[in-house]
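Please read the following walk through the fold with the coordinates open beside it.

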Amino acid sequence: MSTDALFIGLMSGTSLDGVDGVLARFSPDGTMQVQAHAFNPFPDAFKAELLQLNQSGPDELHRAALAGNGIARHYAQVVQALLAQTGHAPEAVTAIGAHGQTVRHRPLEFDGLPDQPAVGYTLQLNNPSLLAELSGIDVVADFRSRDLAAGGQGAPLVPAFHQGVFGQSQGCVAVLNIGGISNLSVLQPDGHVMGWDCGPGNALMDHWCQTHTGQAFDRNGDWAATGQTSHTLLERLLGESYLSKQPPKSTGRDLFNPAWLQQHLSNLPDLPAQDIQATLTAFTAQACVRDVHAHAPGAQRLIVCGGGAFNGHLMSLLAQGLPGVPVVSSEAHGLPPLQVEAAAFAWLAFKAVRREPASLTSVTGARGARVLGAVYPR
Ligand SMILES: Nc1ncnc2c1ncn2[C@@H]1O[C@H](COP(=O)(O)OP(=O)(O)OP(=O)(O)O)[C@@H](O)[C@H]1O
Ligand SMILES: CC(=O)N[C@H]1[C@@H]2OC[C@@H](O2)[C@@H](O)[C@@H]1O[C@H](C)C(=O)O
């Protein structure tokens with residue numbers, strides 16, 4: 001690639017709210033400029049099916065295959081919207097990076113002979129062939145499996161991209177993505193990067209809010225702000241052993257799900273629903289604050305992206321937990337919160353097409369950096 005090229009990145013994350021997509025121009029040195037953003041929400045019934053597919057259920061292979069087609073169709077609509085917004089023809093786009101919908105993430109699952117290390121698995125539902133057919137554009141998909149095959153966690157993958165976009169030579173910067181799950185990147189001024197999943201982002205808050213108010217999420221954290229944090233419950237939640245594990249580590253709805261929450265609520269006196277929402281919000285904030293103190297004590301700022309950046313109550317809890325560290329939305333650094341992950345997948349497609357390794361062993365723990373993703377020609 002000797003001239004500028006266009007890429008599309010598509011992300012449907014663990015919040016299960018829908019698909020964020022960006023169309024971005026990359027220069028040969030990797031400098032990126034986002035030209036358009038589009039969001040396609042999942043209809044309620046499709047979201048409910050994806051949620052169901054996060055756990056074992058009847059006829060799940062058949063249902064997962066059909067859901068993969070559904071994901072590809074939702075992706076294709078976002079691609080159409082991006083092309084319409086920008087006036088580009090499909091042929092002008094070099095490739096689409098399509099994440100797929102994670103329904104299982106089990107990097108540590110034992111899968112082999114007793115004397116061989118487990119590879120585990122991670123599963124993103126998608127039908128990249130259908131997306132290539134519908135869009136007329138090359139598709140890069142399945143970004144995580146190769147890192148697992150090389151002994152890594154397969155997640156998070158965005159820290160390398162965070163480094164390129166938000167890293168600063170003057171000091172350490174921490175970047176927090178608050179999607180369904182939250183992940184933190186620690187970017188040192190010398191270019192060294194660490195990154196891992198902190199724990200839940202919005203997933204538990206969304207679940208509780210949907211169940212008790214009928215709203216898909218707690219807008220601005222306004223409902224949580226009416227409740228009192230239960231310190232007994234908060235300590236229980238913070239006692240989860242995943243939180244004190246050292247990186248590399250990654251997690252998902254496999255662990256942080258309604259059953260996990262219910263377990264922690266059992267044997268507690270009944271609490272008002274808004275107090276539990278307040279406590280879940282405090283839990284998401286605390287899990288991250290603890291990680292910043294433990295692994296990025298010199299951080300000069302915390303840049304927040306993902307939908308959680310729009311939760312004002314959560315943002316103020318983060319700021320309270322990190323006195324002296326400015327907590328700012330990624331918007332202030334040139335990339336709006338809902339565009340960051342989609343842009344990362346455009347960048348991952350850019351790297352894949354150039355056959356350049358995109359994983360960081362310092363993040364995923366793999367034995368080497370690898371070219372990530374498989375190409376489905378248009
Ligand atoms: N105005 C808002 N107030 C509070 N929360 C919000 C607001 N807007 C979005 N959110 C939260 O952000 C979530 C969507 O975030 P995002 O799009 O980053 O998730 P995702 O793509 O699933 O991320 P990930 O892949 O990191 O899990 C919603 O489910 C909701 O919980
Ligand atoms: C397996 C999987 O889909 N993980 C997601 C999820 O959502 C947030 C967090 O958990 C992160 O580890 C990852 O997504 C981003 C895009 C990543 O790989 O960096």
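Which domains does the domain assignment of the chain give? The assignment, whose bounds come from an automatic or database source, gives domain 1 (5-155 + 339-376) and domain 2 (159-325). This is a predicted model, in which local features need pLDDT of at least 70 and side-chain atom pairs count only at pLDDT 80 or more, whereas totals for chains, interfaces and linings use all residues. Residues are numbered from 1 along each chain as its sequence is written, while chains are lettered from A and ligands numbered from 1 in the order in which they are written.

The C-alpha centres of domain 1 and domain 2 lie 23 Å apart, and 25 residues of domain 1 are in contact with 25 residues of domain 2, contact being counted when the C-beta atoms, placed from the backbone, lie within 7 Å. On the side of domain 1 that touches domain 2, strand 5, helix 13 (340-353) and helix 14 (361-364) each supply at least two residues; helices (H or I, at least four residues) and strands (E, at least two) are DSSP runs numbered from the N terminus. That side of domain 1 comprises nine nonpolar, twelve polar and four charged residues, where Ala, Val, Leu, Ile, Met, Phe, Trp, Tyr, Cys and Pro count as nonpolar, Asp, Glu, Lys and Arg as charged, and the others, Gly among them, as polar.

Both domains give residues to the shell around ligand 1, so ligand 1 lies between them. The residues that surround ligand 1 number 24, the closest being Gly13, Ser15, Gly179, Asn202 and Gly307, with a residue counted as near if its C-beta atom, placed from the backbone, lies within 6 Å. By class, this shell has five nonpolar, 13 polar and six charged residues.

Ligand 2 is surrounded by 17 residues, of which Thr102, Ala155, Pro156, Val158 and Ile181 are the closest. Strand 5 (101-106) and strand 9 (181-187) each supply at least two residues of the shell around ligand 2, and domain 1 and domain 2 each provide at least three. That shell divides into five nonpolar, ten polar and two charged residues.

Finally, the axes of helix 11 (residues 273-295) and helix 12 (residues 312-321) come within 9 Å and cross at roughly 40°. The contact involves residues including Thr281, Ala285 and Val289 of helix 11 and Leu314, Leu317 and Gly321 of helix 12, and its residues divide into seven nonpolar, five polar and no charged.

Definitions and conventions
Axes are lines fitted to C-alpha atoms, for helices over the stretch in contact, and angles run from 0 to 180 degrees between N-to-C directions. Two residues are in contact if their C-beta atoms, placed from the backbone, lie within 7 Å.
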